[in-house]
Amino acid sequence: MANSLPDEELMSQVRNGVGEMLGVLFDRYQKPLFNFYYRLTGNRTLSEDLVQEVFFRILKYRQSYRSGTPFRAWIYQIARNARVDHLRKQRLEVSWEMELEPAVHPADSAQQKQETELLYRALQQMPEEKKEVLVLSRFQGLKYDEIAQLLGCEVGTVKTRVHRALQELRRLFEQGAQQRPA
């Protein structure tokens, strides 16, 4: 029954003291949040820690959730804030930690793996604001209006930022492809 409830209803119940519903939200958002952080940081352990921090903050700040507010935008705002707070505390360069990709068997898996690695390396080289807007739109599947709300800007601005970020990613990818040994 709880699994079929919309996120907003589950969060309203969490806000009203039904803590078990946080578990349902965790089941829905743990993997997308992990992917969000991992694509931004390239660090598995840090990504797991930040996901835990998000759910800690949801519980801590549950009273700040307003009914009718889209939950997905609210949780990603918390996720962004947790990451910014972490970066402020650390002030360290994040290291690239390449993990094995899920078992996919394309026609040329070695080439596919190299291209995936090049793509992630290119993503890690991007400025934070461009990387974040790409991860939110392309990897997390947020709609432009959700991203606009999250970033506090107009939808047209988000479209422009995504377009420019994609151009930058393409340039970095091609540059990396030209530098790799044949």
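Guide: T69 has a relative accessible area of 12%, and because the cut-off for a buried residue is under 20%, T69 counts as buried. The model is a predicted one. T69 lies in the loop that joins helix 3 (44-60) to helix 4 (71-90). When neighbours within four places in sequence are set aside, the contacts of T69 are with E8 and W74.

The second topic is helix 6, which covers residues 128-139. Its 12 residues, at 1.5 Å a residue, should span 16 Å, and the C-alpha atoms at the ends of helix 6 are 15 Å apart, so the two values agree. Within helix 6, the residues K131, E132, V133, L134, V135, L136 and S137 are buried. After helix 6 comes G141, with a positive phi near 75°.

Helix 6 packs against helix 7 (residues 144-151) at an angle of about 145°, and the axes of the two helices are 10 Å apart. The crossing of this pair is right-handed. On the side of helix 6, the contact is formed by E132, V133, L136, S137 and R138, while helix 7 contributes Y144, I147, L150 and L151. Sorted by class, the residues in this contact are six nonpolar, one polar and two charged. An α-helix has 3.6 residues a turn, so residues three or four places apart point the same way. Among the contact residues of helix 6, E132, V133, L136 and S137 also belong to the buried residues of that helix.

Note on methods
Residues are numbered from 1 along each chain as its sequence is written. This is a predicted model: local features need pLDDT of at least 70, side-chain atom pairs count only at pLDDT 80 or more; totals for chains, interfaces and linings use all residues. Side-chain values use heavy atoms; hydrogens and water are left out. Axes are lines fitted to C-alpha atoms, for helices over the stretch in contact, and angles run from 0 to 180 degrees between N-to-C directions. Helices (H or I, at least four residues) and strands (E, at least two) are DSSP runs, numbered from the N terminus. A crossing is left-handed if the near helix is turned anticlockwise from the far one by less than a right angle, and right-handed if clockwise. Contact means heavy atoms within 4.5 Å. Ala, Val, Leu, Ile, Met, Phe, Trp, Tyr, Cys and Pro count as nonpolar, Asp, Glu, Lys and Arg as charged, and the others, Gly among them, as polar. The expected span of a helix is 1.5 Å times one less than its number of residues. Buried means under 20% relative accessible area, exposed over 50%, partly exposed in between (1.4 Å probe, protein chains only).
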